[in-house]
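Here is a briefing on one protein chain. Look over the sequence and the structure first, then read the points below.

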Amino acid sequence: QKSYDTFLASEKLIRQIPRLMGPHLGKMGKFPVLIRTGESVADTLHRVKHKVKFQLRRTLNMGVAIGSVQLSQEELQENLLISVEFLASLLPCSWENIKTLYIKSTMGPVQRIYGTAFLMA
């Protein structure tokens, strides 16, 4: 069975996708990314690979990928700062709505980078 991370579609084709496959792709979170007019497929893939996606569902916490093992420490730090500032800008009262922030690698321990820890009694 094949697995795909991203689907790409031209402007002409993307108009037909909701009617043909929209509900299925929407449920899987795989709706195609538009290849803009004059943009190459390589440029579109580069744009998609470097996008951070924030999804707040019905829970009050979220996990966001901000980098990969190929990035240098400086690149990861820059991605982290940009992502956190963007997240704060999305919230109604900005930083007042952020209690704590943690960072974690795939196999590493969790590190608190913002906020205070609290204990449930």
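L25 sits in helix α3; helices are DSSP runs of H or I with at least four residues, and strands are runs of E with at least two, numbered from the N terminus. This is a predicted model: local features need pLDDT of at least 70, side-chain atom pairs count only at pLDDT 80 or more, and totals for chains, interfaces and linings use all residues. Residues are numbered from 1 along each chain as its sequence is written, and side-chain values use heavy atoms, without hydrogens and water.

**Around L25**
- L25 is buried, at a relative accessible area of 6% (buried is under 20%, exposed over 50%, partly exposed in between; 1.4 Å probe, protein chains only).
- Beyond its neighbours within four places in sequence, L25 contacts F7, I17, K30, F31 and P32 (contact means heavy atoms within 4.5 Å).
- F7 lies 18 residues from L25 in sequence and 9.6 Å away, C-alpha to C-alpha.

**Core**
- The largest nonpolar core has seven residues: I66, L80, V84, L87, A88, I98 and L101 (buried Ala, Val, Leu, Ile, Met, Phe, Trp, Tyr and Cys, joined through side-chain atoms within 4.5 Å).
- Helix α5 (residues 73–90) gives the most to this core, four residues.
- A88 touches S94, W95 and I98, leaving out residues up to four places away in sequence.

**Strand β4**
- I113 belongs to strand β4 (residues 111–115).
- I113 is partly exposed, with a relative accessible area of 40%.

**Confidence**
- The chain's average pLDDT is 76, and 80% of the residues score at least 70 (pLDDT is the predictor's confidence in each residue, from 0 to 100).
- Mean confidence is lowest in α3 (residues 22–28), at 69, and highest in α5, at 83.
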